[in-house]
Amino acid sequence: MKLFEETLRSIGGLDKDAVKRAQARLDSRMKPKGSLGKLERIAVQFAGITGKVFNKADRRCHIVASADNGVIEEGVSSCPLEFTEIVSEAMLNEIAAIGILCKSIGVDFKLIDIGIKGGIKRDYPNLHIEKVKNGTANLRNEPAMTREECIEAIETGIRTINNLKDNYDIFSNGEMGIANTTTSSAVLYALTGEDIELIVGRGGGLSDEGLLKKKRVIKEACELHKVMEIDPVDVVAKVGGLDIACMTGMYLGAAAAKKPMLVDGFISGVAALAASKIAPLSRDYMIATHKSEEPGMKVLLDSLELDAMLHMDMRLGEGTGAVLAYPVITGALEIIKKMKKVDEVYELFA
């Protein structure tokens, strides 16, 4: 609890002077003002985060939080429970999508076991065992976890960033946990009060009958736990997951450390929303990367007031969309650094 409270107190806003200097430099380059759109906004946001106009994103770290969810007992997933453990290990062996993308793009990969029910039996240098419990309880019948367990998972995310912040310029996160589109949809429903029909999707490929069941389970669980009447930490504790709590902590830790954190798709985005409800200024350090095909993504991005840079028809999770955005971010930071003013270009070539 102490780390959680100290982190919240240390989160401040962007450096406004650096923002002005970055915008002025971009406006003076040989191009129409604002013509590079999101690239310019990324470069300006980076300046606000670091306090410097010129920045790098060469040292990149992607962190996946893996955990199981007791709500799988309700038949809300098309995949079996053991997939969490198996796919997590495939990530570590660079044969799952996120492992392949991290290696090909040049991103260090780490995986946190924050609550896999079985656990990964082999040792890996980039596997961190930080298990709070062996998966959450079934939120349909009881709180997924206690408030204390939720804060422990949040603090694990914070501590992870604290331990890595000196070695990296930028972070991204993702998750692995069967049934976690159910938990994330429940958290989004609780935090926004939006129509459940606009929030809940098929996840890993539910049938029509499965989708109806998923919506019913979420609505009944949220009514049981009176989620519209409790604070964001209790929302995550009662209807969320350990992976969501851990990623929430990563966003808070990144904001406190003044490091940018890339928001992936739906589940990563729900954790970002939870972080922004806990500490509103943490949103200044978030960069939305891709618009997931999950239907609740529009509600999520609107709630965060963020605009994703990619639309790739993806809904895998793991942080795949976030990792794909790294080259775009590198381009944005090179533009502000290397692009010349009109008179400089004339001097060179006229």
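Start by selecting Thr-7 and showing what surrounds it: leaving out residues up to four places away in sequence, Thr-7 touches Ile-158, Leu-252, Gly-253 and Ala-256. Contact here means heavy atoms within 4.5 Å. Thr-7 sits in helix α1, residues 2-10; helices (H or I, at least four residues) and strands (E, at least two) are DSSP runs, numbered from the N terminus. Thr-7 has a relative accessible area of 5% and is buried, where buried means under 20% relative accessible area, exposed over 50%, and partly exposed in between, for a 1.4 Å probe and protein chains only.

A word on what is on your screen: this is a predicted model, in which local features need pLDDT of at least 70 and side-chain atom pairs count only at pLDDT 80 or more, while totals for chains, interfaces and linings use all residues. Residues are numbered from 1 along each chain as its sequence is written, and side-chain values use heavy atoms, with hydrogens and water left out.

**Colour by domain**

Where the two meet, 17 residues of domain 1 are in contact with 26 residues of domain 2.

**The second largest pocket**

Now select Arg-41, Gln-45, Met-286, Leu-306 and Asp-307, which lie nearest the centre of the second largest pocket, among its 14 lining residues. On a 1 Å grid over the protein atoms alone, a cavity is a set of points where a 1.4 Å probe fits but cannot get out, and a pocket is an open set with protein on both sides within 12 Å along at least five of seven lines; lining residues have an atom within 4 Å of a point. This pocket holds about 320 Å³ of space; grid points are joined across faces, edges and corners, and a volume is the space filled by probe spheres set on the points.

Which helix gives the largest share of the lining of the second largest pocket? It is α3, with four residues. With your domain colours still on, you can see that domain 1 and domain 2 each contribute at least three residues to this lining. By class, the lining has seven nonpolar, one polar and six charged residues. Here Ala, Val, Leu, Ile, Met, Phe, Trp, Tyr, Cys and Pro count as nonpolar, Asp, Glu, Lys and Arg as charged, and the others, Gly among them, as polar.

**The largest pocket**

Move on to Asn-180, Thr-181, Gly-204, Arg-315 and Leu-316, which lie nearest the centre of the largest pocket; 30 residues line it. Its space comes to about 480 Å³. Helices α4, α7 (180-192) and α11 (266-278), together with β4, each supply at least two lining residues. The lining divides into eleven nonpolar, twelve polar and seven charged residues.

**Asn-69 and its surroundings**

Asn-180 is also one of the residues that Asn-69 touches, along with others including Thr-136, Thr-183 and Asp-243. Look for Asn-69 in the loop between β1 and α4. It is buried, at 2% relative accessible area.

**Helix α4**

Why is α4 described as largely enclosed by the rest of the structure? Seven of its ten residues (83-92) are buried, so the helix is largely enclosed. Select Thr-84, Val-87, Ser-88, Glu-89, Ala-90, Met-91 and Leu-92 to see the buried ones. Their cover includes β1 (60-67), α5 (97-105), β2 (108-115), β3 (127-129) and β4 (170-176). Just past the helix, Glu-94 has a positive phi of about 60°.

Glu-318 lies in the loop between α12 (297-304) and α13 (320-324). Is Glu-318 buried or exposed? At 5% relative accessibility, it counts as buried. Beyond its sequence neighbours within four places, the contacts of Glu-318 include Val-87, Met-91, Asp-264 and His-62.

Step across to His-62 in strand β1. His-62 is buried, with a relative accessible area of 0%. Besides Glu-318, its contacts include Cys-102, Phe-109, Lys-110, Asn-173 and Val-323.

How values were computed: Domain bounds come from an automatic or database domain assignment.
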